[in-house]
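Here are some notes to read alongside the structure, written as numbered points. Please keep the sequence and the 3D view open while you go through them.

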Amino acid sequence: MSQRAVFGPRTSLLRAIGTAFLAIAIVFAGLASGASAQSKRTYAGFVLDAKTGITLYSYAADSPRYPASVTKVMTLYILFQELKAGRMSLNTRLKISRYAASAVPMKLNLRAGSTIRVKDAIKAVVTLSANDVARAIAENISGSESKFARRCFVFFETGYGKSGGRDGCWRFQ
């Protein structure tokens with residue numbers, strides 16, 4: 001008998017419990033922030049079981065969001081297009097410009113002139129929301145952040161949907 005057959009239901013139960021705790025942690029993290037932060041932002045949460053597609057938790061999931069994180073997702077999407085097209089690989093080195101290195105507040109503190117591999121850049125943007133790395137990705141793909149922003153805008157205007165908040169939508173925050 002395989003271990004998977006013996007531990008399958010228990011593992012599923014532990015995964016469900018862990019996911020529920022994660023959802024609760026997300027909600028409490030939003031509630032624990034100061035009142036002034038809450039007056040500027042509303043919080044939302046959405047937890048989906050990737051295996052079954054069942055929504056485990058949802059709070060304000062369809063409400064409008066501030067674009068900073070969405071912008072980084074779009075940055076990664078464009079990066080994945082470049083990888084798929086073969087113009088970059090996971091080992092391609094991205095050069096960090098002085099402008100990218102000056103990004104605040106969330107960053108890896110990379111120095112101007114240094115490099116980071118694409119696979120490490122993806123991890124930095126996904127896990128740390130690293131603004132310096134997001135800027136470096138944009139600059140290495142399009143030459144500048146503003147040219148990259150135009151590419152994103154064109155992407156949305158050509159049948160893939162509308163940006164919904166064009167005013168400063170593609171500025172890295």
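1. In this predicted model, the side chains of R117 and D120 form a salt bridge, with a nitrogen-to-oxygen distance of 3.1 Å. R117 counts as partly exposed at 28% relative accessibility, and D120 also counts as partly exposed, at 26%.

2. A salt bridge with a distance of 3.8 Å, N to O, joins the side chains of E145 and R135. Because E145 lies in helix α7 and R135 in helix α6, this pair ties together parts that are 10 residues apart in sequence. E145 counts as buried at 13% relative accessibility, and R135 is buried as well, with a relative accessible area of 12%.

3. R87 and E82 meet through their side chains in a salt bridge of 2.9 Å, N to O. Here R87 is exposed, with a relative accessible area of 55%, whereas E82 is buried, with a value of 6%. Both residues belong to a network of salt bridges that also includes R151, and the count of salt bridges for the model comes to 4.

4. Turning to the nonpolar side chains, the largest nonpolar core has 26 residues, and those touching the most other members are L79, L94, I96, I116, V133, I137 and I141. Helices α3, α4, α5, α6 and α7 each supply at least two residues of this core, and α6 gives the most, with 6 residues.

5. Which residues does I116 touch, not counting residues up to four places away in sequence? The contacts of I116 are T92, R93, L94, I96, L108, L110, A121 and V133.

Key:
Residues are numbered from 1 along each chain as its sequence is written. This is a predicted model: local features need pLDDT of at least 70, side-chain atom pairs count only at pLDDT 80 or more; totals for chains, interfaces and linings use all residues. Side-chain values use heavy atoms; hydrogens and water are left out. A nonpolar core is a set of buried Ala, Val, Leu, Ile, Met, Phe, Trp, Tyr and Cys residues joined through side-chain atoms within 4.5 Å. Buried means under 20% relative accessible area, exposed over 50%, partly exposed in between (1.4 Å probe, protein chains only). Helices (H or I, at least four residues) and strands (E, at least two) are DSSP runs, numbered from the N terminus. Contact means heavy atoms within 4.5 Å.
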